[in-house]
Amino acid sequence: MDEANEEGATEIDDEKDSTWLYEVLDGIGANDDYRKTIQQSGITFEIICTFGSENKKMANYGVGGKWEGTLTPGVKTDFDAISCDDNVIVIEDISKAVQNRYSLLIVRDPRTPAGYVKLQIVRGKVPGTITDFSFYDSKFKGLFEIDECKRILLTEIIGEHKDNKPYMPRPKNKPAATIENYNGISIDVVTCYRSKEWPVEASEWLTRQRCNGWPTKDMINELKSLGYFLVRKGHVLSTEQNFEWRISLTLQERKLIFDLTDVQFKCYVVLKMLNRDIINMECITSYHWKTCLFYVIEENNWDVWRKANLFQCVKLCITRMLDWVRQGFCPNYFILSENMFDGKLPHDLRTVSENKLLKLLGDGFSFLKHVKSDKMRDYFEARRSPEITHRLRRDSLKAYKDVIYKTNIQTVEAAMYEFCLYLTYEKRTNLIELLWHMLVRIQQTDHITEHTTEETRRSLLLLTPYIYTSLASNISALCIRQPNVQGGLSGYLKFIYVLYALGCYKECKWFLDQLDEETIKNSRSYCIGHSYDSIYAAISPMVVNIIGMSQLSMSTCVSFMPTELPIIPDAVKFEVFKYSTIPFNKREREVPTTPWCYGAVVDRNIYYCLLKFLIKLKFTGVNLSANDILNIYQIKDLRNVRHPEVAYNLMAWSYFIVGLTPLALEKLTMSWNPLRYLNSFLLVNNSEINYKNNQSNAANLHACVILYNTWFSRKSSRFNFCFQCFFVSRKDLKKCSRCKTATYCSEKCKEINLKIHETVCKEVKKYLNV
């Protein structure tokens with residue numbers, strides 16, 4: 001009876017210890033929030049790095065605790081990464097070799113240790129042997145050797161050598177080379193090749209009997225589809241180390257780590273703490289504990305992995321590791337016959353390791369007093385002191401929140417670093433073309449490596465701010481540096497409005513003041529949207545060279561496409577949508593043959609005037625007079641206006657903004673009848689001006705807005721005016737007795753306007769209280 005009570009008390013104590021340990025781990029950063037942030041950062045890093053390796057076809061992957069989120073914030077270590085050369089084709093069957101291409105054939109010898117293979121070079125469908133000396137090209141010297149079977153085998157990573165010398169040296173028979181300063185951090189990089197098949201050595205894993213259905217069948221199929229890496233590392237006890245390549249299923253292991261439950265994840269974190277601070281032997285690594293955890297999860301029911309059972313889960317893993325140490329055999333999780341203790345666990349170390357594991361099990365929960373990582377020992381000693389525990393938790397929370405913040409910053413910095421590297425490695429001389437190419441690639445990239453479309457999109461979006469910023473700065477620099485080149489003034493004026501849109505009004509005014517107003521207003525612009533101007537555009541450089549005409553005097557019109565809406569002035573936005581106006585019946589609409597009907601085209605002198613008006617309005621307010629606006633838009637020779645209807649529309653908008661409605665309506669009338677008001681010698685294509693004015697002239701839109709504001713929003717004009725003849729008066733005019741809106745200067749005007757007003761009046765009466 002006493003034994004039963006004692007066992008029950010021990011079980012209760014274990015549950016209390018487990019719950020306490022779970023909460024402490026949560027507080028120091030071993031939680032879902034932290035690991036998801038770290039994992040997402042790693043995914044973003046490798047997607048961006050792989051995207052930047054477009055021409056080199058190098059797939060990059062972050063591996064190890066730094067990317068898995070299994071290292072708590074208090075642990076400092078280097079980053080580990082895999083760089084896979086996808087240019088090299090690896091095949092399991094010679095029949096799958098590609099004609100006219102080199103490939104690598106997987107070779108398995110009976111004496112090759114489990115988990116290792118050889119790589120024989122294949123040209124076309126022919127395996128390389130000593131009888132074919134043509135394989136010994138000078139560029140391959142030092143990369144191949146011949147084994148006892150006369151096969152030409154690859155012994156080094158091809159890309160690591162330049163001029164027969166390694167440019168990224170690594171220790172002999174060690175797979176990783178170190179990049180000392182990648183954006184301020186150190187990264188151990190393993191360059192490898194990849195087979196898209198599942199290794200035959202791991203066939204048993206696919207059909208293994210599992211206690212709790214982990215991994216699931218769907219997960220198994222997904223892991224199978226990832227293939228495997230081939231890492232340049234021979235078996236430590238092999239006599240043929242130089243020929244051997246280790247099979248690595250790193251991506252599968254990473255997927256399984258990402259799939260861990262919170263308790264399983266915390267169990268792994270504790271095991272790594274114990275290994276680092278207590279066991280501390282090279283013969284047992286975190287990789288051994290990862291393998292151990294996978295086997296223990298496979299072999300136990302799901303009810304074992306509970307918050308109140310965390311301590312027992314840790315002991316299960318320690319017990320399993322103890323059995324392996326005693327046997328001197330740690331099976332690879334995927335390849336059962338591969339012993340991961342080979343060459344690492346001689347008899348003396350086996351005894352020491354066994355004793356340390358036994359002591360861990362004997363000490364029980366008190367082993368935490370030996371764990372220094374993340375102040376676990378301080379937590380254990382302060383367990384019965386709420387005040388000290390509270391202080392420790394407060395400090396831990398701040399520490400791990402700081403790490404999350406720094407991780408997010410590092411992710412952004414890595415994006416910027418890769419962006420700069422991409423620009424450095426690319427051979428294109430046209431930087432603007434390169435930046436556009438990057439944007440197009442981002443839009444067209446569905447997924448990178450094994451990542452989802454969502455992960456790929458989210459990661460690549462980090463690059464777009466740098467691309468857009470560089471595009472804007474380079475284009476702006478060109479405009480500022482060369483404002484007088486052919487068409488350059490248009491870009492310069494566009495750039496000025498970008499400043500305006502950003503609220504940089506003083507800078508906008510300064511740039512406008514640097515321009516020669518007299519020359520801009522009275523120099524002719526050409527428009528490539530007109531047939532006449534197509535000819536003019538072709539011969540104009542010749543004319544310039546012959547007669548020395550200033551290039552500024554023949555600059556292009558300012559054109560906008562719908563994609564540029566954020567940097568288009570409100571007045572010009574009407575022009576972008578001019579073709580969407582009445583008539584609403586599709587049959588009455590004709591598709592215009594001129595492309596400029598789908599965008600906005602403004603004479604650069606008129607656009608310059610609009611910018612002057614906007615700046616004056618910003619600094620003066622709506623008290624501008626009609627003369628002020630007239631002076632701004634005053635152009636001596638109207639023959640220099642290629643798009644008079646647009647000019648009148650912008651003037652109408654300007655008048656309306658400051659409350660001069662009658663003048664605005666008058667300008668719209670002139671927009672509908674430009675030839676009536678302009679000199680007959682204007683070089684304007686009459687057919688295009690007269691082409692379906694109700695469809696290709698934004699005056700309709702302007703008029704609709706003005707009339708809506710007048711009739712329904714009741715925004716009064718600064719002056720009284722006649723709704724028929726637009727006569728302006730400072731005195732009150734007679735109002736329509738029904739709608740209380742329309743005003744007339746005389747009975748005659750009222751009578752003439754009645755035909756139009758009668759219908760409108762009935763509608764307006766309904767909205768007298770608007």
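User: How is the handedness of a helix crossing read, and in which sense does α7 pass α10?

Analyst: A crossing is left-handed if the near helix is turned anticlockwise from the far one by less than a right angle, and right-handed if clockwise. In this predicted model, α7 passes α10 in a right-handed crossing. Helices are DSSP runs (H or I, at least four residues), as are strands (E, at least two), numbered from the N terminus. Residues are numbered from 1 along each chain, local features need pLDDT of at least 70, side-chain atom pairs count only at pLDDT 80 or more, and totals for chains, interfaces and linings use all residues. Side-chain values use heavy atoms, leaving out hydrogens and water.

User: At what angle do the axes of α7 and α10 cross, and which residues meet?

Analyst: Two packed helices are described by the angle between their axes and the distance between the axes. Axes are lines fitted to C-alpha atoms, for helices over the stretch in contact, with angles from 0 to 180 degrees between N-to-C directions. The axes of α7 (residues 262–279) and α10 (residues 347–363) cross at roughly 115 degrees and come within 12 Å. In contact (heavy atoms within 4.5 Å), L274, I278 and I279 of α7 meet K356, L357 and L360 of α10.

User: How do α17 and α21 pack?

Analyst: Helix α17 (residues 505–513) and helix α21 (residues 604–620) have axes 10 Å apart, at an angle of about 140 degrees. They are therefore oblique (under 35 degrees is roughly parallel, over 145 roughly antiparallel, 65 to 115 roughly perpendicular, the rest oblique). The crossing of α17 past α21 is left-handed. Among the residues of α17 that meet α21 are Y505 and L512.
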